[in-house]
Amino acid sequence: SVQAADVGRCRAVAIDVGDVLRCYRKSLGGHLDEGFSSWQGLELVATHFLELGQAIVGVVPERHARSLPKDLQAAMSDVVFAPAGLSEELLAKVAAAESCHILSNRETDTFAQAAAGQVRFAFS
């Protein structure tokens, strides 16, 4: 399951997909057993926010574009593919444009400067 701070009245949440994949792998001890994939972490996050009635805007690193499952892509109201190294800046821009929070555990000043708030999450 996933735990995330309340995002309040925001209609949407901008998801740092690269960070979600990394954190999910880390929560599994770095081992993805047969039948598990990093995308299951994103599925848990997406389900969590969709059940709260919030739209999802996924900011996906370009290197993951081909492997993004179609059902997850369809569940998102929008998907933005980020060129290498630009995920943080793009997340801040997307969040500002959508007036939503950023779901990410990254420690960065980029999010602090964004108008939107940062929401942290954990898997259990």
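Start by selecting strand E3, residues 55-61. Six of its seven residues are buried, so to speak mostly covered; buried means under 20% relative accessible area with a 1.4 Å probe, counting protein chains only. Strands here are DSSP E runs of at least two residues, helices are H or I runs of at least four, and both are numbered from the N terminus.

A word on what you are looking at: this is a predicted model, where local features need pLDDT of at least 70, side-chain atom pairs count only at pLDDT 80 or more, and totals for chains, interfaces and linings use all residues. Residues are numbered from 1 along each chain as its sequence is written, and side-chain values use heavy atoms, with hydrogens and water left out.

For a landmark, click Ala12: its bridge partner in E3 is Ala55.

Now bring in helix H3, residues 70-75. E3, H3 and E4 make a right-handed β-α-β unit.

Next stop, helix H1, residues 17-27. Its buried residues are Val17, Gly18, Asp19, Val20, Leu21, Cys23 and Tyr24. What covers them? Show E2, helix H2 (39-51), E3, strand E5 (101-103) and strand E7 (121-123), which are among the covering elements. Just after H1, select Gly29, which takes a positive phi of about 75°.

Time to zoom out. The protein chain has five helices and seven strands, running β-β-α-α-β-α-β-α-β-α-β-β from the N terminus on. Of its 124 residues, 43% count as buried. With contact meaning heavy atoms within 4.5 Å, residues 24 or more positions apart account for 57% of the contacts with a separation of 6 or more.

Last, colour by pLDDT, the predictor's confidence in each residue from 0 to 100. The chain's mean is 83, and 85% of its residues reach 70 or more. Confidence is highest in H3, at a mean of 94, and lowest in helix H5 (residues 109-113), at 68.

Terms used. Buried < 20%, exposed > 50% of the residue type's maximum accessible area, 1.4 Å probe, protein only. Pairing = 2+ DSSP bridges. Right-handed = clockwise from strand over helix to strand, strands pointing away.
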